[in-house]
Structure formats: structure tokens, C-alpha cells
Amino acid sequence: MLSALGVAVVGLHVATLLALGPAWLDPQGPPAPAAPPRIEVRSVVLPAQASPPSPTAEAAAPAGRARAQPTAAAAAPRVRGASSPTAVAVDPEPRAAAPARASTRTVKAEAAQPATTVVDIPVYASRLPPAGRWRYRLQRGLVVGEAELNWAPQADARYELHLQGRVAGVNLLEWASQGQLDAAGVAPERFAVRRRGRDRQAANFQREAGKITFSGPTHEQPLLPGAQDRLSWMLQLPAIVAAAPERFAAGATVVLFVAGARGDADVWTFVVQGVEALGDRAALKLVREPRRPYDTRVEVWLDPAEHHLPLRVVQTPSAGGPALELQREPESR
């Protein structure tokens, strides 16, 4: 009887998830407010690293075009609009620590309060992995499914990245990120949450205009060098650590500006916790703590044995509810 009850409960969960679709796998809370608080952020270019060039970056960049070099400082990205005030739609947080820098570029936000918090957003060196396809065990609450992450760098210095999640053979999640490979690594142009092959919500990274726009909300976000979307960070974070692993001992930080598809964008500060055993692997664990209501706590375990790609990712909504977990399956290339 208990077994039958358990099957019934899981069946009810699956039926509910089929109705919710992609929203179930997006624990980021409601859309950003129409007029979020504003802070001052600075794009910081880190010093050059004495590390070999990424084979993926070399293969992806044809002659005559900027290549995705592992040394960001060699070709510092230009911050458009740095000479005039720019609204940054994120909540203030304590100043994020950044390593020594070669030079800085500043995006000044309109002051919401007399004392404006400053957050440094470094432009890191990056070493991107080669093309690959990785399978994950997907779980949220009592419901278990499978997911696949597909990374496809192109020969013309572009990329496509997809994450698909299925429960009981039904697609519940389809995220897609596409864009360029540049001196800062992954440079998204469009991030979309899809349903049945169509873009349901999207963020557009308009590099010429220096802004991020959205398919629904009318407000905009500034496009900072190194900015990521809610999928591309899963490749960018490993690429940053892989470029200079000696920098990321316990207590070190990686600071990213991450935009979602619903008008949200925020500072994600990952703090290195140290090395942990995960199955038969020694994984580097980093944690991003939530900074505001309806935010997301992110835990990620990176695999040094395979380009520092995620072995496990756990995203927990700060407003409550079950965590979303991705656990990589063995031999998933």
C-alpha cells in the first residue's frame, strides 16, 4: 500500500511539472522589479597569465578575427558608455574582493543613495574546454529525471550551448545560449528559455549598444565585459578556473555579472570552499550565496580532471522550495 501511495505521489508531481514546464527548473523567483536599486560597478581587467593558449580558442578563431585568448589583459574589452551614468539593476552588496589588476574601466551608476556601493566585476583570463556533451541526473524534490549539456564551439569564433531536461521521457527544460568567443571567454548574444522548440523568454546581449534587453520586461541592463547568462556561466566559471587554477585556493572569489531571461541581472560572487571528494573524483567546490529575496544559492563542484567542468550543481531558492540538482553521469562525453 505504501508503495502504491509513493507511486501516486510521484505521479502527481510529474503531472504538475508537465503543466509548469520550464518554470519548474528555473528557481530564480519572480521577475526583477521595474525600477531596481542601482549601484556602481567597475569592470576590472586582470593581469596577464603565463599559461598556454586554449586549443579550443585557437581552433575557433580564424585569421583576421579576435581570438579567445586565455589572457584577457592582452586585449582589454571596451566598456561602452563609461563616460556617462548607467543604471545597473542589481541590489547593493559589500564590495567584492578582486585580485591585483593591470587596469580598470568604470561604468558609473546613478546613485540611489548618498553612499554608493562599488562592486568590482573582473574580466578574467579563460581557457575554454573542447566541444562535448555531458549527461546529468536531474532532481528536484521527489522527482528525478535526466539532463544533457551540449557545448559546441564553432570554427568562426562563435558557440552554441544547450541544456535539455527530461522527466518521464517528457522535455521540461530547454535552455539555449549562443554568441561569440572573445578575449573574456564566453560572450553571450542571446539566452532563451524554450518550450516546444519556441523561445518563451529571452535575454538579448546587444554588444554594439552596450546593453541587455529582454523579450518581456521593458527595462534594460548594462552589458559589462565578461557578462554571462544563467546557462553560459556553467562554461565560463570552469574556463576561468582552468586558465589559472593556482589562483583559486580556499577563500578566493570569482565574480560574474549574470543575466536571466526575465529581466533580472545580478552580481554572482562565487567563493572557493576547497577540494571535496565527490564519488571517485576530487572536486573544487564553490558557493554563491543569495543577496536578496527570491534569489538563488548556487553550489558547484568543478572537476579538475576534465577541464574543471561541473560535476554537480545545486541551485536552492532563497524563498523556499526544493533545490534543483544536476549530478553528472560517469563517461558522459
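Residues are numbered from 1 along each chain as its sequence is written, and side-chain values use heavy atoms, with hydrogens and water left out. Because the model is predicted, local features need pLDDT of at least 70 and side-chain atom pairs count only at pLDDT 80 or more, while totals for chains, interfaces and linings use all residues.

**Nonpolar cores**

A nonpolar core is a set of buried Ala, Val, Leu, Ile, Met, Phe, Trp, Tyr and Cys residues joined through side-chain atoms within 4.5 Å. Buried means under 20% relative accessible area, exposed over 50%, and partly exposed in between (1.4 Å probe, protein chains only). The largest nonpolar core has 63 residues, and Leu149, Trp151, Trp233, Val254, Phe270 and Leu286 touch the most other members. Helix α3 (residues 233–243) gives the most to this core, with seven residues. Helices (H or I, at least four residues) and strands (E, at least two) are DSSP runs, numbered from the N terminus.

Another core, of five residues, lies apart from it; among its members are Leu278, Ala283, Trp301 and Val314.

With contact taken as heavy atoms within 4.5 Å, and not counting residues up to four places away in sequence, Phe270 touches Trp233, Leu237, Ala252, Thr253, Val254, Leu256, Leu286, Val287, Arg288, Val298 and Val300.

**Strand β18 and its partners**

Strand β18 (residues 324–328) has four of its five residues buried, so the strand is largely enclosed by the rest of the structure. Two strands pair if DSSP finds at least two bridges between them. Strand β4 (residues 132–140) runs antiparallel to β18 and is joined to it by five bridges; here Arg137 stands opposite Gln327. Strand β17 (residues 309–317) also pairs with β18 in the antiparallel sense, over four bridges. Val314 has Glu325 in β18 as its bridge partner. Six residues separate β17 and β18 in a hairpin, and Gly320 in the turn has a positive phi of about 105 degrees.

Most residues other than glycine have a negative phi. Ala168 and Tyr294 are listed below with their positive values.

| Residue | Phi | Loop | Relative accessibility |
|---|---|---|---|
| Ala168 | about 55 degrees | between β6 (158–167) and β7 (170–182) | 63% |

Ala168 counts as exposed because its relative accessibility is 63%.
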